[in-house]
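Below are some notes for a colleague who is meeting this structure for the first time. Please read them with the model open.

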Amino acid sequence: MSHDLILFDGVSKFYGEVLGVNKVDLQIPPGITSLVGPNGSGKTTLMNLMAGLIHPGSGSVYVRGISPFAPEKLMRILGYATQYDAAPRGITGLDFVRAGLLLHGFPPAEAARRAEAAIATVSLTHAAQRKIAAYSKGMRQRIRLAQAIAHDPAVLVLDEPLNGLDPLVRAETIALFRNYAARGHHVILSSHVLQEVDVFSDQVILIANGRIVAEGAIRSVRDEIHEHPSQFLLQCRQPARVAALLFEQAEILEARIDPAGSGLRVLTRQRAAFADAIQRIALSGVAIDGLLPVDENVDALYEYLIGGGK
Amino acid sequence: MNQIWIIARLEIRRAFFSRRALWVYLLALFPAALFLGRGVSVNYDRREYAAKPVTPATLLDRLPTGTTDKDALAAAGPPIRDRQWRRGKVEHRSLHYFDGYNRVWLQFENGALQSTRRVPLHSFAQDSRIYAGVFQYFYLRLAVFFGCLGIFLNLFRGEMIDKSLHYWFLAPVRREILVLGKYCAGLIAAAVIFGGGALLSFGALLSYQTTADIETYLRTEALAHGFWYVLAAVLGCAGYGSVFLAAGLVLRNPIIPALVMLLWESINGFLPELLQKLSVLHYLQSLCPVPAPLDPSAPPLARMILSPAAPASAWTALPGLLVVTALVLYLATRTARRLEINYGAE
């Protein structure tokens, strides 16, 4: 049993007749892992299984060696900001976070200190004494995040954590995730904001219809998709000449001048040969300003593997 | 234990002041209000009759059946009230006297004394029996029963409806501990509300008794009676609370467990002896210090529902009830271990 992985072993979960997830096998290493998939694909089900809010119909789940059937152990290392918007009635933000810490066994003074620190981390200090019922959607999102991080868990599970956050807080929150991951912790999150996921995720898990479609680092997942040729943006000042040279020296399928005027868009199935050709062209004196992969991102993977229905 | 106490402390305000359960206070305070009202009525009668003429009981007792109304008036003097009416061919007359303790009605038909009816202006013994009836037939069977339904069912089911139960499940707490913590919160609230209600109503019963009655009662049984009434109410909360907490874990509709439990408790007196022991009311009735009066002229169905099961001794009832409670709580904790958050189904 690995103590630094999150393991799903043949996990299936049905809600009556409705499929949640089916035969999921996963090994999630520390770092930021994004669950990506259409609505109803099973992202939240996977997160709820990790946290023990639901139990698998078959298979088993272990989070850093701990079964979700032992919440008294699991919740000491796991913080989960769910998508459920409700909060206990009549409670202030500070009391909400503090109550969770008291259940963790922190002495009252320490619980209060940690609660204040967690609330400050999500930039909600000004509203800490207000009742959660009076919070906006974004503030409720942040207070749930504060509760999830208050006990400094090794596994942070976040269901759509960036929803409703303004750009500044969003950037701060992403920085928080990165900080967590850099300390060897797990950050598991689901998001529909694919561009953002692309920027901060160490790896992605693509889900559709309760099945894992792909998992791993974005680049390696992209490499496995052979039916779609790779797309590159070749930044250069002589796109027509470069296109002619490429057709001579590499097996490219298509080369089009970028409509934005920034260079050449190229389609190829031979990435290595293409890279060699670019190197040769550059060495021959033709100016190449840059080479950017266009479809090595979650958006493209999503499009290729799941389809357009994001 | 520490976690149980922390959970209970976090939950207790909700248990006391749940918006869904404010009617619980009305149920708990109803007997106290009833006996306070009775006290007002008794005191009013006392003041009224203090100004009325007193006819010695010995004088009224000497009037045999058949005495004419004129002879009775001559012997007993003018009555407090003299009512005459005719029904068919019979001339009725009622002479109302007060002998200093009882209200006495001499009933005449066609001028001849037929009967003498005595009603004490106030009787502590009678009030004590009425209290026993109200306590067992209303308080234990209905008020504590439905009060616990409101408090304990809310502990889990209410959180599922509010979609906030997952916060508890995300705490590093064993589900068994969570169940016990919530149960303790509900029990503390219910015990304070219904134990307090029992104490208040018992106090209300004593509040209008004569000084002599109170002194005698305090010297003899008052403390023991008060203790057993409060204990019965608190144990009722413990027993019913465990059942409704367990029901809240598995059932969505509170009407179903309430009806099933009410039916079970109602027919308990007719069940085999072994099954009677699986009733909360069976033990509670055994703990009550004064037997509840059951009018023999009551309809058969009412008698069937109200008649108590075979009584157990207080010292058997106490552990018996605690064993039933512990058994139900054990089943509840087993259920909680498998409980899932599925608000979509609520």
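Where is Ser123(A) found?

1. Basis. This is a predicted model, in which local features need pLDDT of at least 70 and side-chain atom pairs count only at pLDDT 80 or more, while totals for chains, interfaces and linings use all residues. Residues are numbered from 1 along each chain as its sequence is written, and chains are lettered from A and ligands numbered from 1 in the order in which they are written.

2. Chain A overall. The C-alpha atoms of chain A fill a box of roughly 70 × 45 × 30 Å along the principal axes. Its secondary structure amounts to 11 helices and 13 strands; these are DSSP runs numbered from the N terminus, with helices (H or I) of at least four residues and strands (E) of at least two. Of the 310 residues in chain A, 43% are buried. A residue is buried if 20 or more other C-beta atoms, placed from the backbone, lie within 10 Å of its own, exposed if 12 or fewer do, and partly exposed in between. Among the contacts in chain A with a separation of 6 or more, 67% join residues 24 or more positions apart; a contact means that the C-beta atoms of two residues, placed from the backbone, lie within 7 Å.

3. Domains. Chain A is assigned domain 1 (6–218) and domain 2 (230–294), and their C-alpha centres are separated by 42 Å. Chain B is assigned domain 1 (2–42 + 123–345) and domain 2 (51–120), with 48 Å between the C-alpha centres. The bounds come from an automatic or database domain assignment.

4. Positive phi in chain A. Ser123(A) is in the loop between helix H4 (108–121) and helix H5 (137–149) of chain A. Its phi is near 55°, a positive value in a residue other than glycine. Ser123(A) counts as partly exposed because 17 other C-beta atoms lie within 10 Å. Arg64(A), also not a glycine, has a positive phi of about 50°. Arg64(A) sits in the loop between strand E4 (58–63) and H2 of chain A, and is buried, with 20 C-beta neighbours inside 10 Å.

5. Gly93(A). This residue belongs to helix H3 of chain A. Gly93(A) has 27 other C-beta atoms within 10 Å, so it is buried. Beyond its neighbours within four places in sequence, its contacts include Ile119(A), Leu124(A), Ala128(A) and Ile143(A).

6. Contact between the chains. Chain A gives 23 residues to the contact and chain B gives 20. On the side of chain A, helix H1 (43–51), helix H2 (71–77) and helix H3 (93–103) each supply at least two residues. That side of chain A has 14 nonpolar, six polar and three charged residues. Here Ala, Val, Leu, Ile, Met, Phe, Trp, Tyr, Cys and Pro count as nonpolar, Asp, Glu, Lys and Arg as charged, and the others, Gly among them, as polar.

7. A helix pair in chain B. The axes of helix H1 (residues 2–17) and helix H7 (residues 175–207) of chain B come within 7 Å and cross at roughly 45°. Axes are lines fitted to C-alpha atoms, for helices over the stretch in contact, with angles from 0 to 180 degrees between N-to-C directions. H1(B) and H7(B) are therefore oblique to each other (under 35 degrees would be roughly parallel, over 145 roughly antiparallel, 65 to 115 roughly perpendicular, and the rest is oblique). Residues of H1(B) that meet H7(B) include Ile4(B), Ile7(B) and Phe16(B). The residues of this contact divide into 13 nonpolar, three polar and two charged.
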